[in-house]
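Work through the exercises below with the sequence and the 3D view at hand. Try each task before you read its solution.

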Amino acid sequence: MFGPEFAGVYDLTYRRRGKDYAAEAALVARVARDRRPDATSLLDVACGTGEHLAKLRDNFADVAGLDASQAMIDLARAKLPGVPVHRGDMREFDVGRRFDVVTCLFSSIGYLMSVADLRSAVRSMARHLNPGGVLLVEPLWLPEQFIDGYVAGDVLEQNGHTLARMSHSTREGRTVRMDIHYLVAGGGAIRHIAESHLNTLFTRDEYLDAVTDAGCAAEFLPGGPSGRGLLVGVRHAEGSRS
């Protein structure tokens with residue numbers, strides 16, 4: 001769960017690192033409409049601070065978000081007035097309606113800690129799809145892609161503030177631990193923020209099986225929004241598995 005201090009530096013970090021939310025949203029829209037040309041509604045699961053959702057709103061007339069972190073939800077609601085942003089656990093949620101497209105981006109699916117949780121989350125997302133609707137999940141790195149011991153570092157500046165970010169990722173079995181440290185300088189003071197995050201490296205087959213089990217035709221596309229691939233599901237018609 002992202003705490004309030006981490007949420008406060010999240011947008012600055014990724015904007016200044018060059019993450020192109022608009023291009024990623026456009027790619028997601030193209031993939032979705034290749035399979036559902038008339039798609040107009042979208043739910044973004046694990047929407048975080050709403051950066052993807054803000055760009056997806058340019059591509060879909062009717063959007064909503066869901067996240068587990070109240071700190072992230074507060075930021076998303078502030079930048080997206082009029083857009084419903086629900087609080088909920090991706091493993092089991094119900095926002096009371098269905099959509100043409102459901103997304104889960106930026107490897108948020110990796111925060112699930114077991115295959116059972118993965119399958120439960122994908123089923124929850126698929127339940128929110130209209131028949132013929134499209135599920136798009138951006139995975140974490142596949143096990144064979146992950147670099148154990150990877151270190152990343154950035155120094156970012158904006159509006160008189162300087163932020164130094166360092167992260168270190170290690171692997172034990174299929175579990176990844178990422179320790180992140182920030183030094184935030186501004187207003188005559190320096191703050192240190194530290195967070196540790198646990199993620200799971202699921203296999204390609206585990207992703208595909210979860211989508212199939214949820215009643216969708218499944219495929220795994222290379223590349224995706226950030227090079228980690230893109231899991232795609234199209235929900236079967238009611239009562240059909242073909």
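**Exercise 1. Find the bridge partner of leucine 135 in β11, then describe how the strands pair.**

Solution. Step 1: the partner of leucine 135 in β11 is glycine 233. Strands here are DSSP runs of E, at least two residues long, and helices are runs of H or I, at least four residues long, both numbered from the N terminus. This is a predicted model, where local features need pLDDT of at least 70, side-chain atom pairs count only at pLDDT 80 or more, and totals for chains, interfaces and linings use all residues. Residues are numbered from 1 along each chain as its sequence is written, and side-chain values use heavy atoms, without hydrogens and water.

Step 1: β5 and β11 run antiparallel, joined by 4 bridges. Two strands pair if DSSP finds at least two bridges between them.

Step 2: β5 also pairs with β4, in parallel, through 5 bridges. In that pairing, phenylalanine 99 has leucine 129 of β5 as its bridge partner. The path from β4 through α5 to β5 is a right-handed β-α-β crossover (clockwise from the first strand over the helix to the second, with the strands pointing away from the viewer).

**Exercise 2. Check the span of helix α5, then find what covers its buried residues.**

Solution. Step 1: α5 has 13 residues, 115-127. The expected span is 1.5 Å times one less than the number of residues. That gives 18 Å, and the end C-alpha atoms are 18 Å apart, which agrees.

Step 1: the buried residues of α5 include Leu118, Ala121, Val122 and Met125. Among the elements covering the buried residues of α5 are β1 (41-45), β4 (99-104) and α6 (204-213).

**Exercise 3. Which residues touch the most other members of the largest nonpolar core?**

Solution. Step 1: this core has 35 residues, and Leu43, Val45, Met90, Ile109, Met125 and Tyr207 touch the most other members. A nonpolar core joins buried Ala, Val, Leu, Ile, Met, Phe, Trp, Tyr and Cys residues through side-chain atoms within 4.5 Å. Step 2: α5 gives the most to this core, with 5 residues.

Note on methods. Buried means under 20% relative accessible area, exposed over 50%, partly exposed in between (1.4 Å probe, protein chains only). Contact means heavy atoms within 4.5 Å.
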